[in-house]
Amino acid sequence: MKRTHYCGSVDVSHVGQTVTLMGWAATRRDLGGVVFIDLRDREGICQVVARPEVSKAAHDAADKVRGEYVLAVTGRVDARDKDTVNPKIKTGAIEITATEILILSEAKTPPFAIEDDITTSEDIRLKYRYLDMRRGPIQKSLILRHKLALAIRTYLDQQGFLEIETPILTASTPEGARDYLVPSRVHHGSFFALPQSPQMFKQLCMVGGLDRYFQIARCFRDEDLRADRQPEFTQVDIELSFPHEEAIFELIEPLYQKALGLIGVEVPRPFPRLAYKDAMLRFGSDKPDLRFGMEISDITEEMRTLGLEGFPAAIEAGAVARAIVLPAAVAPSGTRLRKINEELWLTRIVPDARASKRNLFTLKYTDEAISNLIKKGASEEVARKIFAKTGAQKDDTILVGVDAEGPIAMAMGILRLEMGRELKLIDEKAYKFLWIVDFPLFEWDAGEKRFYSVNHPFTAVLPEDAHMLDSEPGKVRAKAYDIVLNGMEVGGGSYRIHDSATQAKVFKILGLTDEETRDRFGFFIDALSYGTPPHGGIALGLDRLAMLLSGAGSLRDVIAFPKTASATDLMCNAPSKVRPDQLRDLGILLSRQ
């Protein structure tokens, strides 16, 4: 038997035709001697009817079918009676009257129902991932991911990019996340590393004159996991030579327009841009969610002069005051506000932001509240300035946090998101892009007393800040950019350093000795000295973008065989122990714990 159609592709245009379908028996029902089977494949479900008067052999075969049996069915496409039409599925207006049913494979009872909406724990579903993949939501996500990757390849090909593969086994460059190491059997005591990114290799492609490179690349990072992280992930890696100032923005924005077009969403260009410093001030995040307002206001001076005890001293000691406004129409009750302070702000948010435990200050815009402030010695004029500066309207509620600038920015950013979700201010159907630009080039680690790269050590300096590289590196901004969608970073990149002298200087600022630089990056420094064109690029998170487009709650829902939050594969039982002879071949002796 040869399949003629997918189950989900048969419709009323096929009525009267003979078709052959193949798939899994989702359900089986025997109604008075007539057997109904819902046959399922990746394109959908089609109802098969086995009547003894049409084909006794097909009816007898249908009588033996159980859930998840694999079947081949040949039959006539018939229109359903009006009162039996199922409008919830694509094939709900037709059914297949079977003339032949062949059981291709029997099946044990699955450990969970193969249905769209199930409450089975994720651990069980990941252990039996091959069964979980039969469910509609997972299949739709993986099909969308395929279409997304295909659209990206087609677009970049049209723009003159070459798809070039770079090594998976490479040298360790421990700058940033931890490497996954691979021991060498031939060179005992030496290790390959799995790439965290093809960064240096794509830059070497520019040195090699290939001009426009891309790769849908597998990358590996041994780091703590979250819903939007996996130890192995896929990114769309892009690099181009001789880019003009707007080249990356002009290349990537149409690419994202095409990606959103896969789900029927149009997004306008150009995407807005926001400097890193302004993003932290207005949203408390370098990946702000623009699907709702509630911007953060700086009211440091107003809180210093308001006249309430405690605030002037804290601000004189270096603290700043940040505020968000809760609209009156959805503002929480007084009881809820107290719980927000105790259970959310002090317990969850402030520790995350590494700020000291200061209560939120609550200020409601009512005449009574202003009178109460005046009784406590506050200035009515300054209070009204706070309302004006934050844009608060009558009966709105202002929440104010006071602490050191870095921690309070982060804390207010978290509070903004939490309140946006709780008050249902986020437009779940919207897709809001944003470029974040002008990142710091370095960040200072007080514990280690050294600078680290905010992006990576190959990032170019913003030209107007280049004069501070020797004297004040902490103030230097990078020629870097991130693209954010709905509060999630979906891509990041930069223009690159393309001369060996500047690159060596950056390595020195990062605390690398000449010997360490030569050991880790010698080949790369050498390459830059042989005539390197100006170049830049970006890496786009394919997993994250697929997750956002499909509406999935986790990266695991858009990856065929993902790892758990503890970086384990429950299906393959990996990582696992290996035989002693394998360790001997690698020259590895395990220490006793």
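The crossing of α14 and α15 is right-handed, where a crossing counts as right-handed if the near helix is turned clockwise from the far one by less than a right angle, and as left-handed if anticlockwise. The model is a predicted one, in which local features need pLDDT of at least 70 and side-chain atom pairs count only at pLDDT 80 or more, while totals for chains, interfaces and linings use all residues. Residues are numbered from 1 along each chain as its sequence is written, and side-chain values use heavy atoms, with hydrogens and water left out.

**Helices α14 and α15**

- The axes of α14 (residues 500–509) and α15 (residues 514–528) come within 10 Å and cross at roughly 160°; axes are lines fitted to C-alpha atoms, for helices over the stretch in contact, and angles run from 0 to 180 degrees between N-to-C directions.
- That crossing makes α14 roughly antiparallel to α15, since angles over 145 degrees count as roughly antiparallel, under 35 as roughly parallel, 65 to 115 as roughly perpendicular and the rest as oblique.
- Ser500, Gln503, Ala504, Phe507 and Lys508 of α14 meet Asp514, Thr517, Phe521, Phe524, Ile525 and Leu528 of α15, contact meaning heavy atoms within 4.5 Å.
- The residues of this contact of α14 with α15 divide into 6 nonpolar, 3 polar and 2 charged, where Ala, Val, Leu, Ile, Met, Phe, Trp, Tyr, Cys and Pro count as nonpolar, Asp, Glu, Lys and Arg as charged, and the others, Gly among them, as polar.
- Helices (H or I, at least four residues) and strands (E, at least two) are DSSP runs, numbered from the N terminus.

**Helices α10 and α13**

- The axes of α10 (residues 334–352) and α13 (residues 405–422) come within 10 Å and cross at roughly 135°, which makes α10 oblique to α13.
- The crossing of α10 and α13 is right-handed, and the residues of their contact divide into 11 nonpolar, no polar and 5 charged.
- Among the residues in this contact are Trp345 and Arg348 of α10, together with Met412 and Glu418 of α13.

- The axes of α4 and α16 (residues 542–550) come within 10 Å and cross at roughly 125°, which makes α4 oblique to α16.
- The crossing of α4 and α16 is right-handed, and their contact is made by Ser141, Leu144, Arg145, Leu148 and Ile152 of α4 and Leu542, Asp543, Leu545, Ala546, Leu549 and Ser550 of α16.
- By class, the contact of α4 with α16 has 7 nonpolar, 2 polar and 2 charged residues.
- The largest share of the lining of the second largest pocket, 6 residues, comes from α4, and β1 (18–31), β2 (34–41), β3 (44–50) and α4 (136–158) each supply at least two residues of that lining.

**Pocket and cavities**

- On a 1 Å grid over the protein atoms alone, a cavity is a set of points where a 1.4 Å probe fits but cannot get out, and a pocket is an open set with protein on both sides within 12 Å along at least five of seven lines, with lining residues having an atom within 4 Å of a point.
- The second largest pocket has a volume of about 960 Å³, a volume being the space filled by probe spheres set on the grid points, which are joined across faces, edges and corners.
- This second largest pocket is lined by 32 residues, of which Arg40, Gly44, Ile45, Asp116 and Gly136 lie nearest its centre, and its lining has 9 nonpolar, 8 polar and 15 charged residues.
- The count comes to 3 cavities of 30 Å³ or more, and the largest cavity has a volume of about 50 Å³.
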